[in-house]
Amino acid sequence: MSAYAALSRAVYKAAVRDATTVFFTFAFPLIFLVIFALIFRNQEVADTGRGYVDYIAPGVLSWGLANAALFGVAFTLMQWRNDDLLRIIRLSPTSIWSVIGSRYVVALGIGAAQCVLFVGVAMLPVFGMRPDPTWPLAIPIMLLAVTAFLALGLIVGSAANTPEAVAAIANCVVVPMAFLSGSFYPLELMPDWLQEVSRVLPMRYVNDGITYAFTGFGTMTDYLVSCAALVAFTAVFAVVGVRTFRWSNDS
Amino acid sequence: MSSIDSPAIVLDAVSKSYGEVRAADEVSISIGRGEFFGLLGPNGAGKTTLIEMIEGLRLPDTGTITVLGMAPAPRNLDLLPRIGVQTQRSAFFTRLTAREHLVTVAALYGLPPATAEKALDLVGLTDSGDVRVTKISGGQRQRLAIASTLVHDPEVVFLDEPTAALDPEARRDLGQMLRNLKAIGKTIVYTTHHLDEAQTLCDRVAILSAGRVLALDSPRELIARSGIGTRLVVPAGRLSPEQAGTLDGVNGVAVEDGMLVLRTAHTARVLAALDGEADLDDVETRPATLEDVYLELIGAPQA
Ligand SMILES: Nc1ncnc2c1ncn2[C@@H]1O[C@H](COP(=O)(O)OP(=O)(O)O)[C@@H](O)[C@H]1O
Ligand SMILES: [Mg+2]
């Protein structure tokens, strides 16, 4: 078995064997879906004939994807460093790219599973989401979203030395970002200047891209801009992530 | 360079400082292949710094280090598969079983799961293979850590305080395991605070303090050279310290815990002389130990 495959398996098992991870990754976004469905029950978005769920669901999904990717990677990195596992890897001939690659492929798999579960539930008659035929466009955005937030997770995982610190930092990053990016609340209803602020936040582009894929809201150009923006955010986060990376806590 | 009788490890004038702290001060040590080498010294002496420089995890400020004829730093992919390191904390993959953990570690070296099974067997953990790493007992954790260190069959093994947190039984187990490793020709470098253990296990030891090597030799040679000699402990009331001081062969007299302690390099002569003066029942002879040498070099025992 290659180091990459073995590490992927180890990461995957660690994730699915942790009830907290499973809950926050899969159940938590669904709870938000239920809450928003109750709030906006039976409302249609003016002039479109669409239910609110078509706009809310992509936002909640964006947040769920970003949240899981960032937390998952940050926790793994912090834990592996604290438990001296990074040291063990460092002392074996395995390259750091196998480590990051394995964590990446697991994050992608988890992201895909999240999407399938979440959209499946949102399409149930009680919620009534109706994806457009352009929905496959959500796939590249999902991949890019996981990539960008994984890179951000590397930074958080290097900055934090305890599980509490990871949770605190990650929440401070993700929760305000979700609100400011229109994941929970339509951007159009926010003041103009807040809409401008959202442009420097990666989650806004996840949101825009997934919304376009599922509802056709926006333009193809906006969609491509979202993809490009996520690539750019990934590059910036990856550079910072590599610079802040530490093999152990005591050097 | 990699011939069998070239040394396994060579340190040449290795120094390292952390700010004002000298963690290694001109350390020169050569460790032979198959040697069991102990690094001793109080906390903060620089043992971990030294061992991690040899492993390539830390860089010396000056001096050179060679392991199996190669430089350990920068990260040397030819050298890494030939050394095994036990980290001070037990490092296990999160939420895996003992077996899954070892399979993962084996894979880091490109080795198949069967290798992990062999390592599990080597440390007697086959029956606990499916227990989660968080659930196994202290002694078994230690064995699993050793199995992780040995899974790729390294030539040189580094252990930093492997016996620190063990109960006496687990410590004896581990001692036996280390002896077995030596018997199959591994070079072992280890640090410990248990001087009795070091005395029985190590071919040679280095006693470190404040980054400097104070002594470097086999325990037997260090003890002989120290001139501490043997201590004869005589129960109270058998004879006075003054009388004892006049006995043939006695080098020093002290009263410890109410017992008379005589120091000598000639046990038989003292015993013979003592036989004329007092009852020999319950007189204990205690040969000098590595601990005695250590305490003389380092000073008072640590609080
Ligand atoms: N990463 C570090 N940064 C600063 N000082 C350190 C570091 N590591 C060790 N030291 C200092 O170097 C000295 C030797 O430490 P160490 O090698 O851990 O000793 P030992 O393992 O013998 O207890 C100590 O004074 C310690 O405080
Ligand atoms: Mg130490």
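Tutor: Let us begin with Phe24(A), which is found in helix H2 of chain A, a helix that covers residues 19–39. The model is a predicted one. Phe24(A) counts as partly exposed because its relative accessibility is 38%, and the partly exposed class lies between under 20% for buried and over 50% for exposed. Phe24(A) also belongs to a nonpolar patch on the surface, together with Phe23(A), Ile31(A), Ile35(A) and Ile39(A). These residues together have about 430 Å² of accessible area.

A surface patch of another kind is found in chain B. Here Asp275(B), Asp279(B), Asp281(B) and Asp282(B) form a negative patch. One of its members, Asp279(B), is placed in the loop that runs between helix H9 (267–277) and strand S13 (284–286) of chain B. With a relative accessibility of 41%, Asp279(B) is therefore counted as partly exposed.

We return to chain A for a loop residue, Thr219(A). Its loop lies between helix H9 (202–215) and helix H10 (220–244) of chain A. Thr219(A) has 39% relative accessibility and so counts as partly exposed. A polar atom of the side chain of Thr219(A) lies 3.0 Å from the backbone nitrogen of Asp222(A). As for Asp208(A), eleven residues separate it from Thr219(A) in sequence, and the distance in space is 9.8 Å from C-alpha to C-alpha.

Thr97(B) is located in the loop between strand S5 (83–86) and helix H2 (98–108) of chain B. Because its relative accessibility is 8%, Thr97(B) counts as buried; the cut-off for that class is under 20%. The side chain of Thr97(B) has a polar atom 3.4 Å from the backbone oxygen of Gly129(B).

Arg81(A) is buried, yet has no salt bridge. The nearest side chain of opposite charge belongs to Asp84(A) and is 8.8 Å away.

Definitions and conventions. Residues are numbered from 1 along each chain as its sequence is written. Chains are lettered from A and ligands numbered from 1 in the order in which they are written. This is a predicted model: local features need pLDDT of at least 70, side-chain atom pairs count only at pLDDT 80 or more; totals for chains, interfaces and linings use all residues. Side-chain values use heavy atoms; hydrogens and water are left out. Patches are made of residues with over 30% relative accessible area and no salt bridge: like charges are joined within 9 Å, nonpolar side chains (Val, Leu, Ile, Met, Phe, Trp, Tyr) within 5 Å. Accessible areas come from the Shrake-Rupley method with a 1.4 Å probe; for residues, only the protein chains shown count as cover. A salt bridge is a side-chain nitrogen of Lys or Arg within 4 Å of a carboxyl oxygen of Asp or Glu. Lys and Arg count as positive and Asp and Glu as negative; His and the chain ends are not counted. The place of a charge is taken as NZ of Lys, CZ of Arg, CG of Asp or CD of Glu. Helices (H or I, at least four residues) and strands (E, at least two) are DSSP runs, numbered from the N terminus. Buried means under 20% relative accessible area, exposed over 50%, partly exposed in between (1.4 Å probe, protein chains only). A polar contact is a pair of N or O atoms within 3.5 Å; within protein, one must be able to donate a hydrogen and the other to accept it, and residues adjacent in sequence count only if both atoms are side-chain atoms.
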